[in-house]
Structure formats: C-alpha cells, structure tokens
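Hi,

Here is the model I promised to pass on.

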Amino acid sequence: MKIITFIRHHFLFCLGMLMFLILLFFTFFGEYLPGIDRDLKEIEYIWTDKKIPLAPPFEPSEDYLLGTDRDGRDLLSLIVMGAKETLLIIISITIIRYLIAIPLAFLAHKKSLGIHHLVSWMNGFLSYIPSIILVILLVTLPPILTSETRLLYLIIVLAALEVGRVAEMFRLEFSQIASKEFVTGGNSIGVSNFRLFRKYLLPFLYGKLLISLVGDIGKVTFLLGQIGFLGIFITQVFVQVDAGQFAFFNTSLAWPMLLLNSYNDIRSAIWIPFFPALAMTYVIFTFNILSQGIQKLAK
Amino acid sequence: MGWDLLKSFLVFLLIVVGFIFILLLPREMEITHHGGLVFTADFPFTFDLFKEKVQDFIHHFQTEKGFGENKMGVPILEELQTFLQRDLHIIIPAFFLAIFFGMILGIIQFYFREKWVGRIQAFLSWIFSSIPDFFFYIGLQYILIKLVANGYLQMNLFGNDDWYSFILPMIAVTIFPMLFMMKFTSTSLENEVGQDYLRTARSKGLQRLFILKHMLWNCWPSILNQAQFVMLYILSSLPIIEKLSSYQGAGYHLLDSIFKNEDVRSLAFMLPYLVFMFATVVLSKLVKHWLVPIKSGALR
C-alpha cells in the first residue's frame, strides 16, 4: 500500500526510474537477448523472391526489425551494442563538466585568481558563437585529431565548453548561501576557504547539483547528436586509401556515428538516421523526466 | 545608454578577433612524397606555422581589398549575398515567431495555470522541448516521405528551389526556442504573483486581463534578456538543419568551408552570424530602454 501511495505521489520519479532501468537493462544485458547479433555480421546481398540479388540497406521488416545499415548490419543490434559506449561518453562528459565547474564556481565566488573574469569571458564568448562551431574548430586541431587518446580529449573539449555556464549558475548559488548568517559566523571564527567550501556551502547544494547534473545529460546527448550529423568521428583510424591519399575511418559504435551519413541516408534509407536519433531522444526523455522527478521528490 | 551600446560593441569586436584566432590555428594535413609509392601524412602544429597563417591572412585582405574570390572565381561577397538571403528567410521569421508566439503561449499558460487547459499545455510543451530538433526534423521527413510515396502529397521535400522550401527547416528551428520563451514568460509572470501592487489593483476592482498587462510590463526586462538566447539557439541549429534539408544557405556553406579549411570563406560566412547576435543584443537593449524607461526595481 505504501508503495502505491509513493508511486502516485512521485509518478514522474518512478516513470523516470523505470525508463532508466530499461535503458540500463538494454545497455548491459541487451547483447544476450535473442535476435541481437553480437558479431554485427555484414550481409553483402539477399535474394528476393524473383531470384534477384538485393544489396543493403534493407528496410525494416520481419527479419530486420529496424532495418539494416549500408553494410547490411542489423540496426537493432547496432543500437544495442553501441549503447554502452554512448552512455559512457555522455555520462563522463557531464561528470567531468561538473567536476571542473564547481571548484571554478567557488573560486569565481571568492574572486580569487581572476577566475570570475575567466568565467564571465567564457560565457560572453559562448553567448555569441554557437558551441557546435567551436566544437568543430577545436576537435579538428592536430593534437586532438591525431592523438591516440582522442576520445579522452573529445570528452574534455565537450565538457569544458559549457563549464562557464554551469560555473556561473553555481556562483550565484554560492553568493546566495554566503549571505546567510552561519557563513558569516564561520568566517568570524576563521575557517579556511576549503573548509568553507566543503562544510558550509556545498552541503546545501547537493540536491540542486543532482537535479541539474541529470538535466544536463539531456543537453550533452543533444550536442553529441549534432556531432554525428556533422561527421566528426569519436574514435578513428588514419589510413592511406590510395597512393598519396589519406583518410580517417570511423571505428566507434556509438549512436551518433550511425548519423554520419544521414545527409544521404535521409533521402534513400531514412530508417538509418531515424532509429539512432529515436534512441537518443529516449535518453534525453529519460533523464529529463528523472530530473523533474527528483526535483519534485526534493520538495 | 550610449556607453552601454559602445561597451557591447567593444565586446563584439573582441569576440570577432578571438574567433579569427581560433579559426586560424593550423589544422591542414601535409603529405610528403618520399619517392616511389611511399607517402607520409603529417599534421604540423607549431607556433611558427600559426604566425605564418596569421600573416597570410592579413596579406590576403591587403592584396584583395576585401574577401576576394572563392576557388571557383566567384567573389565571396557575391556568393555570400545569395546564401545569406536564403538564411534570412528562415532566421527572421523564426526569431520573431519564437519570441512572439512564445510570449503569447506563456501568457496563456500563466492565465490558465490552475485549469486543465494550462496543465495539458504545460505537459505538451514539456514533451516537445525534450525532443531534439534534428529528431523532430527527421521524424517529420519520415512522415512526409511516406505521404509523398503513397501519393497523398506532392511537394519537394529537399533543396531551396521552391517558395515553400524554407518552411520545414524554419519549423524545426523555431519549436525549441518558442517553448523556451513560453516557459520563461510564464515563470517570470508567476514570480510576480503575491506582489503588493497586484493586491491594490485587485482591491480597486481592476479586471484580470488588465492586471495581467501590469504584470507583463514588470516582466519585460527579464523576458527581453532571453532574445539573445533565442537567436543563439536558432543560429546553432540552422547549419545542421540546413545540411539535412540541403537548403543551401550561409549555414550550410559555413560548415562546408570550415571542413575544407578555407579560412577567409569561413570568416565571411561566420561574420553575418556574429552580426546577427550583436544586432539582437542591441535591439533587445533598445526595446528595453523604450519599454522600461526606469531601471527595473528602482520604484519598489
């Protein structure tokens, strides 16, 4: 009875949790489900009824629930197999962003080391230039482009871009809390800045931190989707394709990489970009609902 | 006011210079031939190369007395004019539709917030704002393609040749900023609830609609501050939506020129975007100055 009342009172939280658990289930156990091709077998052609060889991509049908991509790999299997990598990237971007932003916010609040100027300049710059343009310009720089640990750099670039926004948000929160009397009390007995940060200010922000962190996961997913459409690889190999000609090839299974060719796919095989984009929309939905749910729960 | 605008202009200039420096960072591939069929590729990234690129860039402007020509021999400014016109067809209606309808919907949402109309509206807007615009666009295309394939509809879904070509991309970039404006308007109206001047107005028997007008006037400063965000969102999404719909506007060619490392051309396509942002900032400041002559809160 208690459970039912809890669900009725916190419907959004429960729905979000349920969607999140489904997502986790498919991420970690999806590959063992029947109908999922773990090896991602490529099919060169299939025979039609009239004995004509037909090349991929194949439309969604009974054999291929969501259709296949241009190499003849089953799209459903691709999505399930790529989920782990995608979620790992999204969540690490968000967490790294907050790990950098919170200390920055405190330093900006204290106006030490000139961090407050840095934060306001970052925000000013990004309120003029679309972040996706900056992402393109930064990740095509040679040290990042050719690095062995490209994925790590990419995550850091994506995390760092919006650090200013998050830092500004929490700087305001810090200033608000700092005007309370107990902080003045702490100051008067001479606590160190670190202790002030850890014991006086931060404990009041755990709830807000969680809500905005979960909400940010949706935003990161959106940015990652845009990267896919622009054809920026997450992990890649550099090979010589012909005498004197070199090219990068994608080696990642993450969902945005299924959108790479969407410019052509959208005209001929629209299911290839549609289902990965749907999967990303599901992730955004899940975390938005969860964030709202936690917000209501906190009240 | 004049000092304020001058300050915005200086910030704008600094941002343009900052952008040019990021754009000019060396990123070209260098292929060396070692004789026979042996080639190696390298991506040099040194400060000397950067200095050289900056000098070349300045030299280019000095010799060409402007942006010069693109690889096909067409003057870049001429090319830009054509593409920018197509962009304006999307940006201007999208911007004003997002702000205007966003505010109207926000007011409706606030007015009916206790009734089921408001609840349904809040729910729907929340769902739509969780859908990324690229998915919205692909989904719309999927439906339209099915309709066209089955003969229910006859239209060109891609390109920029028809008079209606701009509508689909425009809808895709308008929805999110519109919902954002709506949410922001209704939230800032809700923040006004409980103020003393509302009780006075009500005690004198003023109708609800007129009270709403008074509240709205108090919200102008914070609402108008969001114009910059609306513009930024439209400009960020436009290149990608243009690419998906092969609507050949400035955004499409901006991405193209950045990926091809054509620095001068990239700057030529990026500058109008920065100018749009600057114009939005100036416009919102002017409107605020005109609508709210006194600094907000000065009377309270």
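Below is what came out of it, starting with the conventions.

This is a predicted model, so local features need pLDDT of at least 70 and side-chain atom pairs count only at pLDDT 80 or more, while totals for chains, interfaces and linings use all residues. Residues are numbered from 1 along each chain as its sequence is written, chains are lettered from A and ligands numbered from 1 in the order in which they are written, and side-chain values use heavy atoms, with hydrogens and water left out.

First, the interface. Chain B puts 57 residues in contact with 48 residues of chain A (contact being heavy atoms within 4.5 Å). Together the two chains bury about 4900 Å², and carbon and sulfur atoms give 80% of that (buried area is the accessible area, with a 1.4 Å probe, that two parts lose on being put together, summed over both). On the chain B side, Trp126(B), Phe134(B) and Tyr142(B) lose the most area to chain A, together 14% of what that side buries.

What about polar pairs across the interface? There are two residue pairs in polar contact, both at pLDDT 80 or more (a pair of N or O atoms within 3.5 Å; within protein, one must be able to donate a hydrogen and the other to accept it, and residues adjacent in sequence count only if both atoms are side-chain atoms). Salt bridges come to zero (a side-chain nitrogen of Lys or Arg within 4 Å of a carboxyl oxygen of Asp or Glu).

As for the elements, those giving two or more residues to the chain B side include α1 (2-24), α4 (116-129), α5 (133-149) and α11 (263-291) of chain B (helices are DSSP runs of H or I, at least four residues, strands runs of E, at least two, numbered from the N terminus). The largest share, 10 residues, is from α5(B). By type, that side splits into 42 nonpolar, 11 polar and four charged residues (Ala, Val, Leu, Ile, Met, Phe, Trp, Tyr, Cys and Pro are nonpolar, Asp, Glu, Lys and Arg charged, the others, Gly among them, polar).

One residue in chain B to look at is Glu79(B), in helix α3 (residues 76-111). Glu79(B) counts as buried because its relative accessibility is 10% (buried is under 20% relative accessible area, exposed over 50%, partly exposed in between, with a 1.4 Å probe and protein chains only). Leaving aside residues up to four places away in sequence, Glu79(B) touches Asn70(B), Val74(B), Arg265(B) and Phe269(B).

Cheers
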